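Subject: Structure for your review

Dear colleague,

Please find the structure below, together with its sequence. My notes on it follow, and I would be grateful if you read them with the model open.

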Amino acid sequence: MGKPEAYIPEIAQADLADWRAGTHGIPYVWRFDSGRLGPRLWLNALTHGNEACGALALAALLRRHPMPLHGSLTISFANPTAAFRGSSSDPLGVRCIDEDLNRVWGRLDDRLRSHELLRARELRPLTKDCDALIDLHAMTHPTEPLAIVGLMERRRALARGRALAERIGFPTLLIADAGHASGVRLRDYGPFASDDGSAAAVLVECGGWWERRSVSVAFDVVARALAAFELLPGDLLDAYRADAPVAPAQKTGPTRLVEAARTITVATDRFRFAENFHGDEIIPRAGTVIAWDGDEAIATPFDSCFLMFPTTKPQKGTTAVRLGRFV
Ligand SMILES: [Zn+2]
């Protein structure tokens, strides 16, 4: 399987020197409050340090002094320390310093003092003052842009995430999954995943972490969200769109929702995929062998089986791949 290092970056990490101070005492968090009632939108990037596309799009937005017409707009860079830890093997920075920031949200009150836990505690107040969160990410392998809109077992919260994604209009490929056994994502934290809440969140995978195209996808998603909530004047949004590195050529159209119907967990030390899957593949026929675990063949259980996030490092007890069904 291709390792992330196999991809040569077409972009450089965002320069965030001007955005360190923040507006309310939290480094790299900028909050613009119109003083008028309205939607409270939170745009976040760099949950994973090496995923530069969202940071490039949000830094460009900050340069436009985006004071909203109503409601509030919060712009944050979640893990700049990881983003700035670049090297020849990780030219855009590293995914995290101590642990994955997108797995710590279920244990914020732990005694542990990992870099990411401390940062998540700093960011926690933002989750309580937000109606809609867009968390911008990038993928390890080339894939079509997609939005993770909720957890399958939280139907009302899932409906809110789906409605938010449909309101933004892109990406059109929407995923409902079961989260991760290894920890809670920001998208699935507190008010965003509560069936009783009213806040909505989507995690957008813009494309490959190294790709210029992913930056344009991030610009497009941000501009669409700002337009959907009527937060910024049209001429400012036009100027912002023109800052994108390449014009977005996004497929738009009706959204498709895929639910993770089954999780394949690695059972032996001899797990291997039948092909070099990158994710997003649709296997037409039920009964197609997609992997071997020891001597056991693993076959698709239904037609049009969507492969979600196949692992590049199959280890016993971890998730190998999720099998998605179109609903
Ligand atoms: Zn990510």
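In the hairpin of strand 11 and strand 12, two residues lie between the strands, and G294 has a positive phi near 65°. Strands here are DSSP runs of E of at least two residues and helices are runs of H or I of at least four, numbered from the N terminus. The model is a predicted one, in which local features need pLDDT of at least 70 and side-chain atom pairs count only at pLDDT 80 or more, while totals for chains, interfaces and linings use all residues. Residues are numbered from 1 along each chain as its sequence is written, and side-chain values use heavy atoms, with hydrogens and water left out.

Strand 11 and strand 12 (residues 296-299) run antiparallel and are joined by four bridges; two strands count as paired if DSSP finds at least two bridges between them. V289 has A299 of strand 12 as its bridge partner. Together the three strands make an open antiparallel sheet in the order 9-11-12. Strand 9 and strand 12 are the edge strands, each pairing on one side only. Neighbouring strands of this sheet are turned against each other by 25° on average, direction ignored.

L151 has D177 in strand 6 as its bridge partner.

Strand 6 is mostly covered, with five of its five residues buried, where buried means under 20% relative accessible area, exposed over 50% and partly exposed in between (1.4 Å probe, protein chains only). In a regular strand the side chains alternate between the two faces of the sheet. From strand 6, L173, I175 and D177 point one way, and L174 and A176 point the other way.

Two further helices deserve a note. Helix 3 (residues 115-127) has 13 residues and spans 19 Å from its first C-alpha to its last, close to the 18 Å expected at 1.5 Å a residue; the expected span is 1.5 Å times one less than the number of residues. Helix 3 bends by about 30° at R121, and the proline P125 follows within four residues; the bend is the angle between axes fitted to the seven residues ending there and the seven starting there. Buried residues of helix 3 include E116, L117, R119 and A120. The buried residues of this helix pack against strand 1, strand 2, strand 3, helix 2 (80-83) and helix 5 (190-193), contact being heavy atoms within 4.5 Å.

Helix 6 (residues 212-228) has 17 residues and reaches 25 Å between its first and last C-alpha, close to the expected 24 Å. Twelve of its 17 residues are buried, among them F219, D220 and L226. Just after helix 6, E230 takes a positive phi of about 50°.

The chain is divided into domain 1 (4-242) and domain 2 (259-326), with bounds from an automatic or database domain assignment. Their C-alpha centres lie 28 Å apart, and the contact takes 17 residues from domain 1 and ten residues from domain 2.

Lastly, D15 lies in the segment before strand 1. D15 counts as exposed because its relative accessibility is 61%.

With kind regards

How values were computed: Axes fitted to C-alpha atoms, helices over the stretch in contact; angles between N-to-C directions.
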